[in-house]
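User: I would like to go through some of the labels attached to this model and see what each one rests on.

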Amino acid sequence: MPVARPETSDSRIIAHVDMDCFYVQVEQRKQPHLKGQPTAVVQYNSWKGGGLIAVGYEARKDGVKRSMRGDEAKKVCPQIHLVQVPVARGKADLTIYRNAGSEVVSILARKGRCERASIDEVYLDLTDAAETMLKETPLETLESIDEEVLKSHVLGLSLNGNDDRETVREWLTRRDADHRDKLLACGAIIVAELRLQVLRETEFTCSAGVAHNKMLAKLASGMNKPAQQTIVTLASVKGLLEPLPIKKMKQLGGKLGSSLQTDLGVNTVGDLLQFSEQKLQDIYGANTGTWLWNTARGISGDEVEGRLLPKSHGSGKTFPGVQALKSVAAVEKWLKELCEELSERLQLDLETNKRVAHTLTLHANAYKSTDTDSLKKFPSKSCPLRYGAGKVLEDSVNLFQAALREFLGSYTNPVDGGWGVTNLSVSASKIVAAPSGTCSITRYFHGQDRFHASSEQSDKKFAPESDNLSPSRTESHSASHQTDCGEGQTQITPDTSSLDQYETACKDEAIESCLTSTHHEPQLRLSEKERNNNDGKRSYEQKRKATQEKVSSFCWDF
């Protein structure tokens, strides 16, 4: 449910920067001959020309829409260039777009606190930069203002169409403007310069919304595209929100928005204004009721989180229609591909950003062909994340099997047939900075557990690996496996506790207790008696069974 956070100040300056048809821009930069040409990026599935993932503005002018497939787009716009999204492991590979987005983020972060919201959108808190600018250069004394700033759309500003830019100039430099509007004007100048800097350094255009909170900035950024910016003044908030369909508001596109429509007859944000805060609290609870009351008035206390890196990593694929996965073997085959990609991204994050993830989650959409309860949601399952592609795969398979048993209403081994999976994904979350000393782990990973080197092991019913370290589990190693990190770095010596002991310990302890940064061996809070009783000499089948049971015992439902 939404969280009601009081707005800390209506003098904050928040910008939402949204790249313009980003996938197409990335492809046009890679292939310059496409610039200015009607272009669309299509998925790798070539059926009927492929589904359109992104449509350039030149193609949109000719009537091409994202809901079309490639063949239909060619009928509407015969001269359109269809560029296939890169493919890896049988699915779309977004690496090129993800990396291009990082280029933009690095530029935008120069002026204030920056939160990367997705591949192609960023929030900026420019309050301090705007305050500093206003103190150093009073707006009314500005002799020249860049044309990009004068092209800004100021909501609520009356324009006559003859000389709109001069009208915007007068608004920006008003001597009698209140402090909040002056800060907005400074924010507009800063954002325009950042957008121009992005264009110069990356060749990408972007649009932006500038407002006093994240909610309003997000709504404004898409109002005037491409390559433009929109300013939301306090006086314009009511006029902006009142006509908006309730389902267009963030967090109101699902059940809560449907409830407002069905139970209260609320179809626009303006309709919500008729209800008191107390009435909304009575119906939806104190927190959600207050959040709805605030939202209707453009009030939001959500902070820009100051995050340049993603909060999670994920890899997924859809299997529509006849492509649905109808056997455990088919699911395992695709999990192998997804887990390979996820593991590589986790490894890169660890090596590049010194971050580790806590939690592995499996999501799926599925149906039952013979059950009247076909709309029952396939449960998501989570467990502590172990590094190494083989381990991610092993745990993902166990999570899927546990979820499938629950979905089918039976806790016996699932039988193939009578069900199908239409979407499958794995994700890693709860990512935190790695404790000091993890240099040794990155070097150890480098040659020990690349997925392609252990695929044969994975095929043998995903046997537990014993040749790498994990932020969530350490398995049996000898002291000779210590890795030297160089002068001043800490060696990490794996403990000799058994696999099952460590899984149990990590269920109760944070990741920091598993990645030690001292010269001592990791302490798992296990008694000497427990260590002696679990000396790791059980047979492989016993270990595998115990692993599956433990994954099931501490996997979490969503």
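User: Why is Arg89 called partly exposed?

Analyst: Arg89 has a relative accessible area of 23%. Buried means under 20% relative accessible area, exposed over 50%, and partly exposed in between (1.4 Å probe, protein chains only), so Arg89 counts as partly exposed. This is a predicted model, in which local features need pLDDT of at least 70 and side-chain atom pairs count only at pLDDT 80 or more, while totals for chains, interfaces and linings use all residues. Residues are numbered from 1 along each chain as its sequence is written, and side-chain values use heavy atoms, with hydrogens and water left out.

User: Where is Arg89, and what is its phi?

Analyst: Arg89 is in the loop between strand S5 (87-88) and strand S6 (91-92); helices (H or I, at least four residues) and strands (E, at least two) are DSSP runs, numbered from the N terminus. Its phi is positive, about 60 degrees, although Arg89 is not a glycine.

User: What makes Gln251 partly exposed?

Analyst: Its relative accessibility is 43%, so Gln251 counts as partly exposed. Gln251 lies in the loop between helix H10 (237-241) and helix H11 (255-264), and its phi, near 70 degrees, is also positive in a residue other than glycine.

User: Why is the pair of Phe378 and Phe407 called tilted?

Analyst: Rings of Phe, Tyr and Trp (its six-membered ring) pair if their centres lie within 6.5 Å; planes under 30 degrees apart count as stacked, over 60 as edge-to-face and the rest as tilted. The centres of Phe378 and Phe407 are 5.2 Å apart and the planes stand at 50 degrees, so this pair is tilted. Phe378 is in the loop between S13 and S14 and Phe407 in helix H16, so the pair ties together parts 29 residues apart in sequence. Both residues are buried.

User: How do you know that the charged end of Lys333 sits over the ring of Trp334?

Analyst: A charge sits over a ring if NZ of Lys or CZ of Arg is within 6 Å of the ring centre and within 35 degrees of the ring normal. For Lys333, the distance to the centre of the Trp334 ring is 4.5 Å. Arg60 lies over the face of Tyr57, at 4.4 Å from the ring centre.

User: What makes strand S1 and strand S10 a pair?

Analyst: Two strands pair if DSSP finds at least two bridges between them. Strand S1 (residues 14-19) and strand S10 (residues 206-211) have six bridges, in the antiparallel sense. Asp18, for one, has Ser207 in S10 as its bridge partner.
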